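Here is a short report on helix packing and charged pairs. Please keep the sequence and the model open while reading.

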Amino acid sequence: MDSQETLLPEENVTENATTEVNETENRTAEVPQTQEAVVARVKELAEADTVAEKQELDTLKQVFYKIHKANVAAARAQFIENGGEPEAFLPAPNVLEDEFKTALNVIRQKRAAQQAEQERLKAENLQKKQEILERIKAMSSTPEEANQTYKEFKELQNQWKELTLVPAEKASELWKTYQLYVEQFYDQLKLNNEFREYDFKKNLEIKTRLCEAAEKLSEEADVVSAFQQLQALHQEFKETGPVAKELREEIWTRFKTASTSVNKRHQQYFEEIKQKEEENLALKSALCEKIETIDLAGIQSASEWENQTQAIIEMQKEWRTIGFAPQRMNVRIFERFRNACDRFFTEKAAYFKHLKEEQIQNLAKKTELCELAETLKDSTEWKATAEKLMQIQKEWKAIGAVPKKHAEALWQRFISACDYFFEQKGKNTASQRGEEKENLQKKEHIIERLKALLDNESQDNKQETVRELMKEWNGIGFVPFKEKDKIYKAYHETVDQLFKILNMSAARRRLDNFKNNLKNDLKEGGQGLARERERLIRAYENKRNEIKTYENNLGFLTCSSKKGNSLLNEMNKKMEKLKDELSLIGEKIAAIDKETNEQK
């Protein structure tokens, strides 16, 4: 048997080569970038005589629906930006989708029809080839008739060549059987030596030419094209008859060596493609991981979302520059990348939806503050209103952002109301400064008159004069703020000194009157002295207890603040007054006791 039988069956060789070549062509072909271009290409494939490759159809479907989804997402974002509720969004019908699906259905029907026809044809060819094998087998078993049947044998060979498609599982067995019977027929053929040698010589020339052509393919720059040409040479080599028996192994070895060289280059080419695809898969996986590991919960501001969005867009651009991944992973890794991007943009949409709702609430709050500021801007209660406006300004700052289209107008409305009030307050303050200086001079003059009363011990009606000056003081308005504490302190120190002197004089007069009344009471019988003495004893104890209370309270006060120091001074004054009153009560009790003892 000729060693040519080690070749692949012709059907398998052709089918495998076509699959790899088509896969390469599909991957390197330019992919349409718009839905219109995709639909146009699918229609072109639907109208073509040949059936489109599945790889190209899968790529076209992937591109079409990727663009469709991007368009829907953009329309939804625009709808929400224009004020629509996300739940109310309805995407517009895609008129191109019906055309796209119709063209795909046409291709599917053609593919199904072609497959059915091929299956029928394969079964029919299998039956015909089996009949041919039976006929050649019969010819090879009757050597005496070989010369007479040679012409029929050549016709059967031609018929065999025309029957290309057979079931794949039967192809190898059919070819081996065919080669066996052909070799047997030639071995049994009783042609004259000249005709036989001519036939062998002719076949040797053809196969030598095929070997030379196969050897030149090793220098072909296009590896895929070289592999395709080699398949055609294989087909012709197999269809050519045998050579002289002693040359069969040699010519086959030469052709096989040349084929091996081309096949190795072809295999290496696809191994390099696979290696590149694995590298592409690693790059695409890294991009997926970068997006998947983004901490979406940690993004707290619109600017952070926008910055991260730009980073995602850059990664999407980078993705498009990376070639195909291995076919088994190409769709899967794209789905992973798309899901990661969808997760990000879904969370972003939810964040901005919440932000928009929050901004609408902020708009209502700031509008209320504008209305409040506008009601206060004409107020003349300068101090209270200024404090109120400063408070609502703090509230304004604490409230977050409002929708951008309202922000500037709302701020101008608010600040205009505040500015108007403070401008009016400033004008009023300027007019008050001169008046406050005059008030300061008046109050300094009153203090001088009060001090003069301290030096004049003989003046009558001193207490009445002090009260008139105090009344006059209270009738004078504000003084400059920086002088307020100083003038207040000087005034009260002088008044306190006066009242202390006046109180002591008054207390002394009251004590003298009390003693005179005691003597009169004794002359009249003195029956009320005991009751008066008891009342004074109770009053004395109450005063002592009150003084103790003040002394205890003073122990808890500190002078660390201006307010604390003022309160401490006030309590000391009250306690001094209580001690004076206690002393006066004691003198009254002593006077009663003295008068009572003298009477006894």
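The report takes up the model, then a helix pair, then the salt bridges.

## Basis of the model

This is a predicted model, in which local features need pLDDT of at least 70, side-chain atom pairs count only at pLDDT 80 or more, and totals for chains, interfaces and linings use all residues. Residues are numbered from 1 along each chain as its sequence is written, and side-chain values use heavy atoms, with hydrogens and water left out.

## Helix 10 against helix 11

Two packed helices are described by the angle between their axes and the distance between the axes. Helix 10 spans residues 302-321 and helix 11 spans residues 327-376. They pack at about 160°, and their axes lie 11 Å apart. Helix 10 is therefore roughly antiparallel to helix 11 (over 145 degrees). Helices here are DSSP runs (H or I, at least four residues), numbered from the N terminus. Axes are lines fitted to C-alpha atoms over the stretch in contact, and angles run from 0 to 180 degrees between N-to-C directions.

From helix 10, the contact (heavy atoms within 4.5 Å) uses A302, W305, E306, Q308, T309, I312, M315, Q316 and W319. Helix 11 supplies I333, F334, F337, C341, F344, F345, E347, K348, Y351, F352 and L355. Of the contact residues, 14 are nonpolar, three polar and three charged. Nonpolar covers Ala, Val, Leu, Ile, Met, Phe, Trp, Tyr, Cys and Pro; charged covers Asp, Glu, Lys and Arg; the others, Gly among them, are polar.

Side chains of opposite charge can pair when their charged atoms come close. E306 and K348 form a salt bridge at 3.6 Å, N to O (a side-chain nitrogen of Lys or Arg within 4 Å of a carboxyl oxygen of Asp or Glu). This pair links distant parts of the chain: E306 sits in helix 10 and K348 in helix 11, 42 residues apart. E306 is partly exposed at 35% relative accessible area, while K348 is buried at 14%. Buried means under 20%, exposed over 50%, and partly exposed in between (1.4 Å probe, protein chains only).

## Salt bridges within helices

The structure holds 21 salt bridges. One of them joins K61 and D58 at 4.0 Å, N to O. Both residues lie in helix 3 (residues 54-81), three residues apart, about one turn. K61 is partly exposed at 29%, and D58 is partly exposed at 28%.

E97 and K101 pair at 3.6 Å, N to O. They lie four residues apart in helix 4 (residues 95-140), about one turn. E97 is buried at 17%; K101 is partly exposed at 40%. Elsewhere, salt bridges link E117, R120, E124 and K128 in a network.

Terms used: Helix = DSSP H or I, 4+ residues; strand = E, 2+ residues; numbered from the N terminus. Parallel < 35°, antiparallel > 145°, perpendicular 65-115°, else oblique.
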